[in-house]
Amino acid sequence: MDPPAQPATATAEQVILPHLDAAYNLARWLLRDPVLAEDAVQDAAVRALSYFASFKGGDARAWLLRIVRNSAWSLLAARRQGPTTSLSESGATEDGEIADTADDPEAALSRREGFARLDDALAALPAELRECLVLHELEELSYKQVAEITGVPIGTVMSRLWRARRALFGQQAGGDLR
């Protein structure tokens, strides 16, 4: 089900601010670098504020995430990056995570290793598959919203999700990601 449309009198802050966490999550998964992700979100927020007058209402989250996606790809193109590394290889810290005090050290280590494996598996996916998977599964957007953000037909979104899931399950079984 699509989220309710924003009222015509909504301010830029009411439309943009509630979705900044989702914007950062998308940028981080696309760019695989927390610092570049912050830059992309900042650029996207400036663009969203600059072009807010053109926002006609509707799904504000999808509107902002499409701007974030475009900013992330533009940033990558401008930097002409070679192969990127996963978050675990980039030296990123887990400072943003809040430890669960109910876990014993062994359970906490197991959880961190599980997150590291997920991060590595997602990082190994081709960008177009990772993008669809993150938007649909982690950000819980509908096929229609993912299609709107990525600019591809719903059938392509469904195909990419199927291929991403197959690649992730294949990797768990020791298969190839492509």
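**Entry 1: an aromatic cluster**

I began with three rings: Phe 52, Phe 55 and Trp 63 form one aromatic cluster. I noted at once that the model is a predicted one. Next I looked up the aromatic pairs, and the count comes to 3. How far apart are the ring centres of Phe 52 and Phe 55? I read 5.9 Å, with the planes at 25°. Planes under 30 degrees apart count as stacked, so the Phe 52 and Phe 55 pair is stacked.

I then took Phe 55 and Trp 63. Their centres are 4.7 Å apart and their planes make 45°. I wrote this pair down as tilted.

**Entry 2: the whole protein**

I stepped back to the overall layout. The protein has 8 helices and 0 strands. Along the sequence I read the pattern α-α-α-α-α-α-α-α. There are 178 residues, and buried ones make up 39% of them. I looked up the accessible surface as well: about 10,500 Å², of which 54% belongs to carbon and sulfur atoms. For contacts, I took residues at least 6 apart in sequence. Of these contacts, 69% join residues at least 24 apart.

**Entry 3: the nonpolar core**

Which residues touch the most other members of the largest nonpolar core? I found Val 15, Trp 63 and Leu 65, in a core of 47 residues. The largest share, 10 residues, comes from α4.

**Entry 4: helix α6**

I checked the length of α6, residues 127-138. What should its 12 residues span at 1.5 Å a residue? The expected span is 1.5 Å times one less than the number of residues, so α6 should span 16 Å. Its end C-alpha atoms are 15 Å apart, which agrees.

I listed the buried residues of α6: Leu 129, Arg 130, Glu 131, Cys 132, Leu 133, Val 134, Leu 135 and His 136. Just after α6, I noted that Glu 140 takes a positive phi of about 55°.

I looked up Arg 69, which lies in helix α4. Its relative accessibility is 14%, so Arg 69 counts as buried. What does Arg 69 touch, leaving out residues up to four places away in sequence? I found Leu 26, Leu 30, Glu 131, Ile 149 and Thr 150. Glu 131 is one of the buried residues of α6.

Glu 38 is found in helix α3. With a relative accessible area of 49%, Glu 38 is partly exposed. I compared its place with that of Asn 25, 13 residues apart along the chain. The C-alpha atoms of Glu 38 and Asn 25 are separated by 9.7 Å.

Last, I turned to Arg 28. Arg 28 lies over the face of Trp 29, at 4.7 Å from the ring centre.

Definitions and conventions
Residues numbered from 1 in each chain as written. Predicted model: local features only at pLDDT ≥ 70, side-chain atom pairs only at ≥ 80, totals over all residues. Heavy atoms only, no water. Helix = DSSP H or I, 4+ residues; strand = E, 2+ residues; numbered from the N terminus. Buried < 20%, exposed > 50% of the residue type's maximum accessible area, 1.4 Å probe, protein only. Core = buried A, V, L, I, M, F, W, Y, C linked by side-chain atoms within 4.5 Å. Phe/Tyr/Trp six-rings, centres within 6.5 Å; stacked < 30°, edge-to-face > 60°. Lys NZ or Arg CZ within 6 Å of the ring centre and 35° of its normal. Contact = heavy atoms within 4.5 Å. Areas by Shrake-Rupley, 256 points an atom, 1.4 Å probe, with all protein chains shown as cover.
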